[in-house]
Amino acid sequence: MKKIGLFLMGGILIVLVFAFGCGTVSDEGGTTTTIGFTAHTVDAVLDGAYSVFSADVDGDADMDIVAAGEGADDVIWYENNGSEIFIAHIIDADFAQAYSICAVDIDGDGDVDVLGTALGASDIAWWENDGSENFSKHTIDDDFVRAGSVYATDIDGDGDMDVLGGAQSADAIAWFENDGNEAFARRAITTGFSCVTSVYATDVDGDGDVDLLGADFDADTIAWYENNGSEIFTAHTIDAALDGAYSVYAIDIDGDGDVDLLGAGYVADAIAWYENDGSENFSKHTISTALNGASCVFATDIDGDVDIDILVAGQLADDVIWYENNGSEVFTTHTIETDFEGARSVYATDVDGDGDVDILGAAKTADDITWWENSRF
């Protein structure tokens, strides 16, 4: 493809534009700080840019970017030269409707591999890094119909990396057990969902094993699956009325030592968090009902004041927004970008290594991967 040649020959020059999103916050010591974000375009021609993630892929102590392009069928990693100039490297140019992406050490050899789903190919695959960023494809499952979402963690506690997947047309959430040699066996969790759009995994109930979470677009449902310690999972519905449930995430939002949940409702235009009372009874708190096409939710401490803020993408609104937590879970809206066409995916990490949290996004309509530099001043 023409764009691939251009990238490999010349790399991608970062384009600077000023973005929206200034807000005044208070640091832990009471000092007033202004948060501003500056947009840097990583790739402006990734057809159907759908998913974005960040990790140190090449082990050189800076943060690289991985992305999936649904229209391009591409899985790409963008090499950071240490000064946030990113060079595109194609991992796979024929991964039909490349959809969800993440980067993690799948085979335990100390380097970062890449994991992804292909919606069109009904495929979950991982690409093995040989330590020099040469990638070999390994198929985990090629019949997981309309594989849409993926996550990796050690689900069964045996010291290797397992894979969690959600299928939009198989109506299924499944986990894929790693035998220790990266041979994966599908283990069904549920076939009761209608259209799985997001999966995640963490210890929801604090009993020392990994539980699973899912979002069902058609059933308007956010649910978690309780692990009994032997990977037998019991379903618990958190919300059955989040219209077009599209994204799920988990973190301790209120700082009380247990895991709370977050959900994005695409049809409801809603972002909500679900407060855990410590016994896995969840109370719904609506943050917004005005984010048109809420498509992705993520959470971290964006402003450095030691509480958890929330980051979201609105696909129909073309918005990237963060909600500032005042420390008592009252959230103030700050817009980072209002013209990120088809804003589909967001992620947050310290891209430039300056000690604060930057934002990454994928815009499906704009064919764009962008990172926004956090400037606390």
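**Close-up views of a predicted model**

**View 1. Strands β29 and β30 make a hairpin with four residues between them.** In the turn, Asp367 has a positive phi of about 60 degrees. The two strands, β29 (residues 358–363) and β30 (residues 368–376), run antiparallel and are joined by five bridges. Look for Leu360, which stands opposite Trp371 in β30. Strands here are DSSP runs (E, at least two residues), numbered from the N terminus, as helices are (H or I, at least four); two strands pair if DSSP finds at least two bridges between them. This is a predicted model, in which local features need pLDDT of at least 70 and side-chain atom pairs count only at pLDDT 80 or more, while totals for chains, interfaces and linings use all residues. Residues are numbered from 1 along each chain as its sequence is written, and side-chain values use heavy atoms, leaving out hydrogens and water.

**View 2. Another hairpin is formed by β18 and β19, with five residues between them.** Here the turn holds Gly229, with a positive phi of about 100 degrees. Six bridges link β18 (residues 221–227) to β19 (residues 233–239) in an antiparallel arrangement. Asn227 has Phe233 of β19 as its bridge partner.

**View 3. Four strands form an open sheet in the order β8-β9-β10-β11, with antiparallel pairing.** At the edges are β8 (98–104) and β11 (135–141), each pairing on one side only. From one strand to the next, the twist averages 20 degrees (axes are lines fitted to C-alpha atoms, for helices over the stretch in contact, and angles run from 0 to 180 degrees between N-to-C directions). Six bridges connect β8 with β9 (residues 113–118), and Val104 has Asp113 in β9 as its bridge partner.

**View 4. Asn80 sits in strand β6 (residues 74–80).** Asn80 counts as buried because its relative accessibility is 0% (buried means under 20% relative accessible area, exposed over 50%, partly exposed in between, with a 1.4 Å probe and protein chains only). A polar atom of the Asn80 side chain lies 3.0 Å from the backbone oxygen of Met63. Leaving aside residues up to four places away in sequence, Asn80 touches Asp60, Asp62, Met63, Asp64, Ile85, Phe86 and Val351 (contact means heavy atoms within 4.5 Å).

**View 5. The largest nonpolar core has 105 residues.** Tyr78, Leu115, Ile271, Ile310, Leu311 and Ile369 have the most contacts inside it. A second, separate core has 14 residues, including Trp175, Ala201, Leu212 and Phe233. Such a core is a set of buried Ala, Val, Leu, Ile, Met, Phe, Trp, Tyr and Cys residues joined through side-chain atoms within 4.5 Å.

Note on methods: A polar contact is a pair of N or O atoms within 3.5 Å; within protein, one must be able to donate a hydrogen and the other to accept it, and residues adjacent in sequence count only if both atoms are side-chain atoms.
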